[in-house]
Amino acid sequence: MASARYTLNIKPEDLEPEQPRERTKKEKAANWWYYHRVHVFIAAAVLAVAVWLAADFFGRTLPDYQIALVTEQYIPDAVLSELGGALSAFGQDLNGDGQPVVQVNGYQLSLGGEAKESGAFASSSSAVPATVDVYTQMAGMTTLSGDLTTRTSLIFLTDDPEALQSSFEPLAAADGSLPAEGAGLEGVELFAFPDCPALAGLALSEETRAYLDGFYIARRGFAGGQTLAEYPEENQALYEMLTAGAAAQ
């Protein structure tokens, strides 16, 4: 039994365990990247090899431009293919394969909360609701991180720019530079998809247009003298064409 002189001045709150601090979205993303960066590099390399092999085997035309679409929503294949096909009219044949191709890559992941487990592995005690299961979340995080690491996409489409910027800070200011770290969307150049005359005039189905109605278009900024891996000037020209005549948010 403890001596009275050791317990006399103990308050009830002193006996409560210290609550762990809730990590920020950026800290969660950084922690995920620290433990998965090797996997991302390997996945990006394997994906690049697979794309080139598929193109060589099937004679598929390789993209001249690649655009990243980031959302927590389910991404229908029709949205990606329709949008890419419509945007190709604004592009040039940069790789000399006979036709301009704009490829829109969909990255579905939850940036504002934790992903949930699904199927037989679902936990009944999960306290955080989410629309993205853990497998989709891992795939989306890996492929988006690979895009950012390999500097694949200059143009980004997202329906949650605040969460994207908070997690990865990829979006640029009007002059192409990166805003100060931790500034959020302050200084970021954003255009609402429907406000851009070029995007509003695309030949899209009603379903695809309705899906994209809440999206924003922005471009990626680069630090340390880096730039887009391929065709940086041509991608910048495409971005300017797509946002011409629109007022930034």
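Let's start with strand S2: 5 of its 7 residues are buried, so to speak mostly covered (buried means under 20% relative accessible area, exposed over 50% and partly exposed in between, with a 1.4 Å probe and protein chains only). This is a predicted model, in which local features need pLDDT of at least 70, side-chain atom pairs count only at pLDDT 80 or more, and totals for chains, interfaces and linings use all residues. Residues are numbered from 1 along each chain as its sequence is written, and side-chain values use heavy atoms, leaving out hydrogens and water.

## The sheet

S2 belongs to an open, mixed sheet of 5 strands, ordered S2-S1-S3-S5-S4. Strands here are DSSP E runs of at least two residues, helices are H or I runs of at least four, and both are numbered from the N terminus. Two strands pair if DSSP finds at least two bridges between them. The edges are S2 (102–108) and S4 (191–192), each pairing on one side only.

S1 and S2 are parallel, with 7 bridges, and Ile67 stands opposite Val104 in S2.

## Helices across the strands

Helix H3 (residues 77–87) lies across S1 (65–71), S2 and S3 (155–158), at about 150° to S2. Helix H4 (residues 134–150) lies across S1, S2 and S3 too, at about 135° to S2. Contact means heavy atoms within 4.5 Å; axes are lines fitted to C-alpha atoms, for helices over the stretch in contact, with angles from 0 to 180 degrees between N-to-C directions.
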